[in-house]
Amino acid sequence: MTWDYIFMLALGAYAFKSGGLIILNKFNLDRFFQNSVLLIPIALLAALITEQTFVIDQAIDLDERVIGLLIALVLIKKKLPFLIIILCPVVTVALLRQMI
Amino acid sequence: MFAFVRRYVRDEIIMTALILGSAIGIFGIAFGVLSVNTGLTTLQTQCMSIFVFTGASQIAAVSIISTGGSQTTALIAALILAMRNGLYGLRLIPIITGSLPKRLLASQLIIDESTGMASAQVDQKDSFRAFWLGGVSVFIFWNLGTLLGSLIGASVDDPKNLGLDIVFPVTFLALLKPQLTSIGRISIALIASFIALVTTPFLPLGIPILLAALAVLLPVFFPSFKYFKDNL
């Protein structure tokens with residue numbers, strides 16, 4: 001990648017980030033849309049979890065990651081410390097990959 | 001000294017920021033290695049991590065070039081992936097307040113992790129703190145990882161062998177859970193997941209996530225559905 005493309009990518013990425021936070025801040029959104037905006041992270045986190053757990057190279061693929069996520073779900077429900085919530089699925093997934 | 005350490009370990013926001021940061025640092029190493037092996041210099045690689053600072057876009061851009069794609073294809077693919085940060089910016093308007101320079105600086109830190117951490121907090125002050133701690137931690141670790149990887153340049157163990165890729169969906173799940181406070185919100189999360197899952201095989205990387213965001217408009221279109229009515 002050459003410098004001009006790196007520059008364009010940096011500029012574009014920053015335009016999106018600041019565009020949402022700073023430029024659109026100037027407009028007063030309709031109350032209904034304001035409510036919707038507050039829900040954006042819910043939709044995007046759910047979509048990211050789905051892609052990162054059930055998809056590989058743009059194809060649906062159910063593997064050890066699903067087991068890792070289910071373990072996490074149980075630990076989250078039990079309100080255990082965050083370090084444990086993370087470590088148990090990581091170790092499980094790593095071990096399952098070693099075995100396969 | 002131990003009381004000091006204990007206080008930090010008990011602080012969920014700091015712990016989340018540190019754990020997420022460390023995992024991202026390791027992927028940063030992998031990115032640095034890939035980038036210099038693709039022909040970028042250490043300086044170019046580092047400038048990307050500082051000024052582009054959105055991991056999925058950077059990895060996509062470099063991967064496309066490493067497999068023989070053109071620079072234009074790489075740029076477009078990376079920009080599509082970066083678009084969702086604009087949506088995050090909208091959500092963060094009530095959280096990131098302050099002077100314009102402060103907000104311009106905060107803009108650079110708007111990514112999945114910082115927004116996820118901010119939106120998971122109930123209290124406005126905690127949201128502000130979670131955004132900055134999450135953003136700064138990821139920024140530092142991602143850049144340190146990038147530097148290390150681009151300097152080593154040789155192949156390192158794939159972080160996936162260590163199961164580290166699962167850190168992200170698990171963290172996002174932990175951040176999503178406290179936000180699922182009503183049936184309306186749960187339906188939005190499920191519909192968003194569904195949109196992402198069914199469109200992923202057909203659409204370019206990044207677009208399914210943007211389409212999934214449309215799920216937040218459901219209460220606008222179906223205001224009479226009883227679970228979308230109040231206190232969503």
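This is a predicted model: local features need pLDDT of at least 70, side-chain atom pairs count only at pLDDT 80 or more; totals for chains, interfaces and linings use all residues.
Which helices cover the buried residues of helix 8 of chain B?

View 1. Helix 8 of chain B, made up of residues 112-119, is mostly covered, since eight of its eight residues are buried. The buried residues are D112(B), E113(B), S114(B), T115(B), G116(B), M117(B), A118(B) and S119(B). What covers them includes helix 2 (12-38), helix 6 (84-92), helix 9 (124-152) and helix 10 (167-176) of chain B, and the cover also includes helix 3 (40-54) of chain A.

**View 2. The two domains of chain B.** Chain B is divided into domain 1, which spans residues 2-159, and domain 2, which spans residues 180-232. The C-alpha centres of domain 1 of chain B and domain 2 of chain B lie 25 Å apart, and five residues of domain 1 of chain B are in contact with six residues of domain 2 of chain B.

**View 3. The interface of domain 1 and domain 2 of chain B.** The area buried between domain 1 of chain B and domain 2 of chain B is about 490 Å², and carbon and sulfur atoms give 88% of that area. Of the area that domain 1 of chain B buries against domain 2 of chain B, I80(B), L81(B) and R84(B) supply 69%, which is more than any other three residues.

**View 4. The interface of chain B and chain A.** Here 87 residues of chain B are in contact with 61 residues of chain A, and the area buried between chain B and chain A is about 6,800 Å², of which 77% comes from carbon and sulfur atoms. One salt bridge is found across the interface of chain B and chain A; in it D165(B) is paired with R97(A), and the closest N and O atoms are 2.9 Å apart. Between chain B and chain A, 16 residue pairs are in polar contact, with both residues at pLDDT 80 or more. Helix 10 of chain B gives the most to the side of chain B that touches chain A, contributing 10 residues, and by class this side has 59 nonpolar, 19 polar and nine charged residues.

Definitions and conventions: Residues are numbered from 1 along each chain as its sequence is written. Chains are lettered from A and ligands numbered from 1 in the order in which they are written. Side-chain values use heavy atoms; hydrogens and water are left out. Buried means under 20% relative accessible area, exposed over 50%, partly exposed in between (1.4 Å probe, protein chains only). Helices (H or I, at least four residues) and strands (E, at least two) are DSSP runs, numbered from the N terminus. Contact means heavy atoms within 4.5 Å. Domain bounds come from an automatic or database domain assignment. Buried area is the accessible area (1.4 Å probe) that two parts lose on being put together, summed over both. A salt bridge is a side-chain nitrogen of Lys or Arg within 4 Å of a carboxyl oxygen of Asp or Glu. A polar contact is a pair of N or O atoms within 3.5 Å; within protein, one must be able to donate a hydrogen and the other to accept it, and residues adjacent in sequence count only if both atoms are side-chain atoms. Ala, Val, Leu, Ile, Met, Phe, Trp, Tyr, Cys and Pro count as nonpolar, Asp, Glu, Lys and Arg as charged, and the others, Gly among them, as polar.
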